[in-house]
Amino acid sequence: MLPWKRLLRPLTALLLTAVVAVVPAATAHAAAPSSGWNDYSCKPSASHPRPVVLVHGTFANSIDNWLAFAPYLEDRGYCVFSLDYGQLPGVPLFNALGPIDKSAEQLQAFVDKVLAATGAAKADLVGHSQGGLMPRYYLKFLGGAAKVNTFVGIAPDNHGTTLDGLTNLLPYFPGAEDLLSAATPALADQIVGSAFLTKLNAGGDTVPGVHYTVIATKYDEVVTPYRSQFLTGSDVHNVLLQDLCPVDLSEHAAIGLLDRIAFHEAANALDPAHATPTNCASLFS
């Protein structure tokens, strides 16, 4: 990688962070405000009749992953909820480390709780990183397709990751893969060719009745190669961030944590009837 590109990426991240901080709420899409983030008294409006459940990524939690995107959706009139999942005993703060199929069961219970509280028939899901992968297990094996209308994955590792080839070294270290699986099952589940991914992707990437959107960045250094994030199916919209804004240099973390261009495209997926073009100017929308 050229040195100037190494410098531009963190600078872009800082710029995006600054914009999130200074763009006033008045620039948000005009809509009736929601009752709050994780406020179970929030009732979906006629314009946004489904609550949105946000699903964090590996090592993250229900708050830090969504400090920018949850308010972004709230300002647009959505009821917004987020959950913690995949906790390991004795490991505070860092979540999404337990077996992914068990995390999907936690998501199942959480969606049921949100639907019961809001009175909605279905929810929409938006997930970042592992959060863009794990819900697919819920949709495919735990009855989630009947309760979810739209699923947006931001930088998901849908077909696993090689972590730039580092995981290819595991066979050269006897016992390393078993240790990895025992210590952090979710990481082992996300490696290309894992038993979890083989089961999840057998018979097709998607299930009928759910609208899928995947938003990826070509600068992703975690889910590699980045095109492995894309899904195949009859109701799938795969989006490369740089096709929307060529100068957007967000990598794996930034695209989910603070990139308003990615946020705009996710909002389009949640409300396609009122979608507007996503481009570099969406940074200020």
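**Exercise 1. Work out how Pro-44 sits in the model: how accessible is it, and what does it touch?**

Step 1. Pro-44 has a relative accessible area of 22%, which makes it partly exposed. The cut-offs are these: buried is under 20% relative accessible area, exposed is over 50%, and partly exposed lies in between, with a 1.4 Å probe and protein chains only. Before going on, please keep in mind that this is a predicted model, in which local features need pLDDT of at least 70 and side-chain atom pairs count only at pLDDT 80 or more, while totals for chains, interfaces and linings use all residues. Residues are numbered from 1 along each chain as its sequence is written, and side-chain values use heavy atoms, with hydrogens and water left out.

Step 2. Find its place. Pro-44 belongs to the loop between α1 and β1. Helices (H or I, at least four residues) and strands (E, at least two) are DSSP runs, numbered from the N terminus.

Step 3. List the partners. Contact means heavy atoms within 4.5 Å. Neighbours within four places in sequence aside, Pro-44 contacts Pro-49, Arg-50, Pro-51, Cys-79, Thr-118 and Ala-120.

Step 4. Check the distance to Gly-119. Pro-44 and Gly-119 are 75 residues apart in sequence, and their C-alpha atoms are 8.4 Å apart in space.

**Exercise 2. Find the disulfides and describe each one.**

Step 1. Apply the rule: a disulfide is a pair of cysteine sulfur atoms within 2.5 Å. The count comes to two disulfides.

Step 2. Take Cys-42 and Cys-79. Their sulfur atoms are 2.0 Å apart, and the link is left-handed, with -85 degrees about the S-S bond. This pair links distant parts of the chain, 37 residues apart: Cys-42 is in the loop between α1 (3-22) and β1 (52-55), and Cys-79 is in the loop between α2 (69-74) and β2 (80-83). Both Cys-42 and Cys-79 are buried.

Step 3. Take Cys-245 and Cys-280. Here the sulfur atoms are 2.0 Å apart, and the link is right-handed, with 105 degrees about the S-S bond. Cys-245 is buried at 2% relative accessible area, whereas Cys-280 is partly exposed at 31%.

Step 4. Write the pairing. With the bonded cysteines numbered in sequence order, the pattern is 1-2, 3-4.

**Exercise 3. Trace the largest nonpolar core, then look at α4.**

Step 1. Define the set: a nonpolar core consists of buried Ala, Val, Leu, Ile, Met, Phe, Trp, Tyr and Cys residues joined through side-chain atoms within 4.5 Å.

Step 2. The largest core has 38 residues, and Val-53, Leu-107, Leu-125, Tyr-138, Leu-139 and Val-210 touch the most other members. Elements that give two or more residues to this core are β1, β2, α3, β3 (123-128), α4 (134-141), β4 (148-154), α7 (195-201) and β5 (211-216). The largest share, seven residues, comes from α3.

Step 3. Look for a separate core. Apart from the largest one lies another core of 28 residues, including Trp-66, Leu-244, Ala-262 and Ala-269.

Step 4. Turn to α4. Six of its eight residues are buried, namely Met-134, Pro-135, Arg-136, Tyr-137, Tyr-138 and Leu-139. Their cover includes β1, α3, β3, β4, α7 and β5. After α4 comes Gly-143, with a positive phi near 80 degrees.

**Exercise 4. Which residues pair in salt bridges, and where do they lie?**

Step 1. Recall the cut-off: a salt bridge is a side-chain nitrogen of Lys or Arg within 4 Å of a carboxyl oxygen of Asp or Glu. The structure holds four salt bridges; we work through some of them.

Step 2. Asp-124 and Arg-50 meet at 3.0 Å, N to O. Asp-124 lies in strand β3 and Arg-50 in the loop between α1 and β1, so this pair ties together parts 74 residues apart in sequence. Asp-124 is buried, at 1% relative accessible area.

Step 3. Glu-105 and Lys-102 meet at 3.8 Å, N to O. They are three residues apart in helix α3, and therefore about one helical turn separates them. Glu-105 is partly exposed at 37% relative accessible area, and Lys-102 is partly exposed at 46%.

Step 4. Asp-205 pairs with Arg-136, with the closest N and O atoms 4.0 Å apart. Asp-205 is buried at 12% relative accessible area, and Arg-136 is buried at 2%.
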